[in-house]
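The following exercises concern the sequence and the structure shown below. Each task is followed by a solution in steps.

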Amino acid sequence: MVRVIVVSHNACDLTLACLRSVLATNWPRDRLEIVLVDNASTEAVVDRVREELPTVRVIANSANLGFGAANNCALRNRSTVDYCALVNNDATVGPDWLAPLVKTLEADPSLGAACPKILLSSRFVPVVLRSTTHQRGRGDRRQLGV
């Protein structure tokens, strides 16, 4: 059994896209548990997940506990779980992401974690840099960028 944990705080559309990609994972349904831990979102993340993705188990925290503590909420009670996967809510996974990770961990019991190759969603990401200049003072008249 693999438990996939996604932590959210707002970012509803990103979270739903993430969860949908996890739900499309090529892995036996009876061996995959998906858990959303929501850190007191003010957006309707919990309601939408419960409505649109009813197979996702939701843990709704009453406060923003932070990323680590939120993951810990879903890491309790692992008696039926062999592996846990942490997926950021602003990421999406391809259908075949999980099997190589489990295979790697099973091949070497000394490993405690495995991470897939992480790619940007597009080859090029637009970046805009803005800079101002100033003089250093004390006789240095060079224009320096910030």
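Axes are lines fitted to C-alpha atoms, for helices over the stretch in contact, and angles run from 0 to 180 degrees between N-to-C directions. Helices (H or I, at least four residues) and strands (E, at least two) are DSSP runs, numbered from the N terminus. The model is a predicted one, in which local features need pLDDT of at least 70 and side-chain atom pairs count only at pLDDT 80 or more, while totals for chains, interfaces and linings use all residues. Residues are numbered from 1 along each chain as its sequence is written, and side-chain values use heavy atoms, with hydrogens and water left out.

**Exercise 1. Describe how H1 and H2 pack.**

Step 1. The axes of H1 and helix H2 (residues 45-52) are 10 Å apart, and the packing angle is about 30°.

Step 2. On the H1 side, the contact (heavy atoms within 4.5 Å) is made by Cys 12, Asp 13, Thr 15, Leu 16, Leu 19 and Arg 20. H2 contributes Val 45, Arg 48, Val 49 and Glu 52.

Step 3. Sorted by class, this contact of H1 with H2 has five nonpolar, one polar and four charged residues. Here Ala, Val, Leu, Ile, Met, Phe, Trp, Tyr, Cys and Pro count as nonpolar, Asp, Glu, Lys and Arg as charged, and the others, Gly among them, as polar.

**Exercise 2. State the strand order of the open sheet and explain why one side of E3 and of E4 is left without a neighbour.**

Step 1. Two strands pair if DSSP finds at least two bridges between them. The four strands of the open sheet follow the order E3-E2-E1-E4, with parallel pairing.

Step 2. Strand E3 (57-61) and strand E4 (83-86) are at the edges and have a single partner strand each, so one side of each lacks a neighbour in the sheet.

Step 3. On average, neighbouring strands of this sheet are turned by 20° against each other, direction ignored.

**Exercise 3. Identify what joins E1 to E2, and which helices lie on these strands.**

Step 1. Strand E1 (residues 2-8) and strand E2 (residues 32-39) run parallel and are joined by seven bridges. Val 6 has Leu 36 as its bridge partner in E2.

Step 2. Helix H1 (residues 12-23) lies across E1 and E2, at about 170° to E2. Helix H3 (residues 67-75) packs on the sheet and touches E1, E2, E3 and E4, its direction making about 145° with that of E1.
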